[in-house]
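The exercises below are to be worked with the sequence and the coordinates at hand. Each task is followed by a stepwise solution.

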Amino acid sequence: MINFRFVSFSENLLEKVISENKDKQSLFLFPNINSKKQALKIYQNLWDFSNSKFLTINEWKHLIFETSFPILKDEKRKIAFYSVLTNENKKVFKINNYSQSIELAANFFDFWKEINEEMINHSFIEKILASKETSQNWQKKTFTCLKEIHSNYKKLLSERKLTDKIFLFKKDNLNLDFIKSFDSVVIINQFYFTKLEKFILKQIQKEIQIYFQVPKNYVDKDDFRITQDFSAKDVTDFKTEKIKIIQTPDNFSMISGLFEEIQQDKPDIIVDFQFSKQAYSSFFSSDIFDISPAKPFTSTSIFNFFSSLFELVSSIILDDKNNVYLIRMQSVLNAFRNTDFIDYFLEGNKQKEKINIQENLLFFLNKLVEKDYKFIDLNLNFFKYNSANKEIEEIFKSVFKMVEFFLNIKSFSDFISPIISDVIINIEKIVNHSEAEYSNIFVIYYEVLADFQTLNEIFFPEDWNSLFSKQKNQTYKIAKASGFLHLFLNFMKQRKISLNLKTNKTKKIKIKSLQDTRNLQYGSVAILNVIEGILPAPPYTPFLFSENQRKQLGLKTYEDIKLRDKYYFLRLIAQTKYPIIFTCKNLEENIEISSFLEELKIHFPDEIFEHSSWNQSYQEIYDKFLLNSLDALPDKSVISRKDFFSIPFDRNLDFPESKVTLSFYRLERLKKNPFLYYIEKSIGSSPRQIEIEEDFSERLIGNLVHDFFTKTWQQILNTYHNHKIKYNFLKTDFKLIDDSIRAVLSGNEFKYKSPHNFSNFYFEEIFIPILHDCIRNFFFRIHNDFELSNKEITVFPESGSTQEISFMNLDGLNIFLRGRADLRIESEDGCLESKRKHLFSTSSRPSPIEKRETKKSPFSLQEKGLRDEENKLYLIFDYKTGKISNEKKKKFEKQLLFYELLYYILENPELTKQIKSYIFFTENKQLHSQSFRKKSKREIIAEFKEEVKILFEELFKNGFEIAQKIDRYDIIEISRKDLFSSNKEQNR
């Protein structure tokens, strides 16, 4: 017999339930573990020694459904799920490998669990899906596929004498013998009963008491549930005396307001719906808050080690052209930045030494990244083209030896053996001192390993062969090795380790979720994040069925879940004397107050509300509530120190030989960011690139174009056996250019720089033909526009020593210009003094967009008239890749001026009027002439010299300063640049 009992919000639910049933031998069933524990405490205080039992609903269900077979769980059921997928199944769900099936497996098991719990007949589902008005073809096709997988999965488990919860929790497996020893069954405030649970209760031939803490007219006794019309107006006879609502503009202010409230009067608990997912959770001090001592295994050194190993193995590709295994540079960079991984290979070194070695490794890798390396080979042949000390080479050998070992595994046993034997991997070397000393990491790890080993007893060798499928550029060896590592990591993900940290023994504030508060009451509670989108949670797209179809089938809908959360929230308020509710409102970030809170304010008495907006000082919260708060506080006085924003200039240290040599790009760097220039000059390294482009970078494209041009010139020169040629540029054929491009792309290092992905197709099929055409076009221009065909010229492609020349002496500091032209052409006119000199320079820097220029000869008639023996003409060209923009043109014109000074004007100022410079935009095949508009070249040169002079005078005075932040979106995070800009404004 089922009886419904109702408890008001002003009463202590658990005390009343225990009091009314203390004289019976009862089975008490609770919605969660917290309310079960609290009820046990109350019960034990009564000193009642009857045989009553306390269980959660889920614990109870596991006791009354019996099976003689082991139940497959977690990762094992997902592996079994993938193994039964047919090729047609994989095609329907667009799955190519096990990793891609994990999300589908989770949806599959949740789906059938729900169907079983609601005891829905398959024919009824088919009937709902047959409706053309409310269903779509993909739903029927998906359900048919799910049924097929369900049947195959059941067959597989049956063959191997296993079972799953989706086959266990059915009325055919129900055994109620467990209930016989109890006088009654008492269910305490279960919000929602599934159809299976209601069926079970109706089979019990005992007294059943179902308690609800809600007015009785809001319970549907036939359906065992609270009705949808329940709202805040129905919360009467509550325990609440005062509700404080604190509204803040953001999370940080909310947490600061919480700490302020805690200082005044500690609440019993803090309710945070998503505490572990919030960024601020990691800063809460364990001395103040009762934070779980458990640590996810995913944050341990063991997981980090295997995670990096997996990334390395899974990033390997086979380069068919060179028949070599390549490993992605991004993965190597990530692994070598991972201290838990790289420390394993630095045996016998102290921690400080390990840090230095790791830094040297990263420095070496950064040099490869600067050379546009995207891959390195497992054979370590890349060291032939990149020098490194022996220590670095040995570390690479050790890492890649382990990678190759796993790459060669052939079976599950091969994978297990190196882990359990300590021959290849010694787990004790991986674990750091803190984890070994203060946690049970070894116990948990070997539990994971033991659980993982049982896979070999459940799945046959042929199962593994079908589990891992290779991706493009992979081999089955790579797929199998990375597959086993991925499986092993997945087994670790579900586990946690316990921390044994010494903390003070004072009472701490507990942090709970809303679900944890069910059936409990409190004196004071702080409730965080009462905002729309968190409470209630946003709607989500359900698997397979629409919301309307779920309602027709009798499944839980979004409105059911929303009502459940509303009930728990309102009940918590009603069962707490002094709730403090924190909410946020920020129109710019689209943050709104929770609709549940708005409803509460409408229907609760006005006199119990206290509103405030937290806008006080943050100073006190650091010392009292945050981890390592003293270390986190910056010393504000440091900002007033001159050396905070700049490195002071020291002539003896910075330029010990009283000499500075500047290339064009170094000069640009010094002008733009003196601080960064100093760092590059001092340690010889540019800022590290953390993310490596998977496509052809702009720099790589520019360098390749440069190499294509240089190689083509070399091919021409080879036919003359020296630098002097007399060549008809009109007859430059396609084969010559093709051979040059092919020679560059087949070079030893190109395999390391190529992305080896879809972009290769675009590069080879689209971009190379464009470049091929542009190179030919340039030689035609030499013939047509500059009339150099069949004339004696001397050609010097980029080679030999770099040009260096004195530019100016400033206060005893000798400033030199330095650079090397990519191509020089000297025109023979009878004597050395009358040679025509032409300079061509190739740049790897791309140029952005510009409107199409009119196609005409770059020379005016007057300029052509200069081409005689009395008037020598000197031409400078610079190749640019990419699109065109006026802004970049101005910058490139300065570069041309730099080369004019370097090669001609500084030594022979009288040649100034005879030198003409041009930029050739390769893809667009456009020639842009140097233009100084209304100023003469002599005036531009004078301005350039004055600019350099002022630059160094500022350097002498202010040191190497940080660049000011010009674009407000230049750096998102707050940096020293922001402080520098602010400081500049204040000093004006």
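**Exercise 1**

Does Asp223 count as buried, partly exposed or exposed, and at what relative accessibility? Then describe the salt bridge of Asp223 with Lys198.

Solution. The model is a predicted one.

Step 1. Buried means under 20% relative accessible area and exposed means over 50%, with partly exposed in between. Asp223 has 24% relative accessibility, so Asp223 counts as partly exposed.

Step 2. In the salt bridge between Lys198 and Asp223, the closest N and O atoms are 2.6 Å apart.

Step 3. This pair links distant parts of the chain, 25 residues apart: Lys198 is in helix 10 (residues 195-203), and Asp223 is in the loop between strand 6 (219-220) and strand 7 (225-226).

Step 4. Lys198 has 13% relative accessibility and therefore counts as buried.

**Exercise 2**

Solution. 

Step 1. The two side chains meet in a salt bridge at 3.3 Å, N to O.

Step 2. Arg699 belongs to helix 32, while Asp372 sits in the loop between helix 15 and strand 14; the two are 327 residues apart.

Step 3. Arg699 is partly exposed because its relative accessibility is 33%. Asp372, at 5%, counts as buried.

Step 4. A separate network of salt bridges that share partners joins Lys198, Asp223, Arg225 and Asp560. The structure holds 40 salt bridges.

**Exercise 3**

Classify the ring pair of Phe364 and Phe383, and state where each residue lies.

Solution. 

Step 1. A search of the whole structure gives 91 aromatic pairs. One of them is Phe30 with Phe54, which is stacked, at 5.8 Å centre to centre and 10° between the planes.

Step 2. Phe30 is in strand 2 (residues 26-30) and Phe54 is in strand 3 (residues 53-56), so this pair ties together parts that are 24 residues apart in sequence. Both Phe30 and Phe54 are buried.

Step 3. For Phe364 and Phe383, the ring centres are 5.5 Å apart and the planes are at 20°. Planes under 30 degrees apart count as stacked, so the pair of Phe364 and Phe383 is stacked.

Step 4. Phe364 lies in helix 15 (residues 351-370), and Phe383 lies in the loop between strand 14 (375-377) and helix 16 (390-407); the pair ties together parts that are 19 residues apart in sequence.

Step 5. Phe364 is buried, with a relative accessible area of 6%. Phe383 is buried as well, at 12%.

**Exercise 4**

Which residues form the negative surface patch that includes Glu694?

Solution. 

Step 1. The patch is formed by Glu693, Glu694, Asp695 and Glu698.

Step 2. Glu694 is in the loop between helix 31 (674-683) and helix 32 (698-718).

Step 3. The relative accessible area of Glu694 is 54%, so Glu694 is exposed.

**Exercise 5**

Solution. 

Step 1. Phi of Asn519 is near 75°, a positive value in a residue other than glycine.

Step 2. Asn519 lies in the loop between strand 16 (509-512) and strand 17. Asn519 is buried, with a relative accessible area of 2%.

Step 3. The peptide bond from Leu535 to Pro536 is cis, with omega near 0°. Pro536 is placed in the loop between strand 17 (522-527) and helix 24 (547-553).

Methods:
Residues numbered from 1 in each chain as written. Predicted model: local features only at pLDDT ≥ 70, side-chain atom pairs only at ≥ 80, totals over all residues. Heavy atoms only, no water. Patch = residues over 30% accessible without salt bridge, like charges linked within 9 Å, V, L, I, M, F, W, Y side chains within 5 Å. Areas by Shrake-Rupley, 256 points an atom, 1.4 Å probe, with all protein chains shown as cover. Salt bridge = Lys/Arg side-chain N within 4 Å of Asp/Glu carboxyl O. Lys, Arg positive; Asp, Glu negative; His and termini not counted. Charge placed at Lys NZ, Arg CZ, Asp CG, Glu CD. Helix = DSSP H or I, 4+ residues; strand = E, 2+ residues; numbered from the N terminus. Buried < 20%, exposed > 50% of the residue type's maximum accessible area, 1.4 Å probe, protein only. Phe/Tyr/Trp six-rings, centres within 6.5 Å; stacked < 30°, edge-to-face > 60°.
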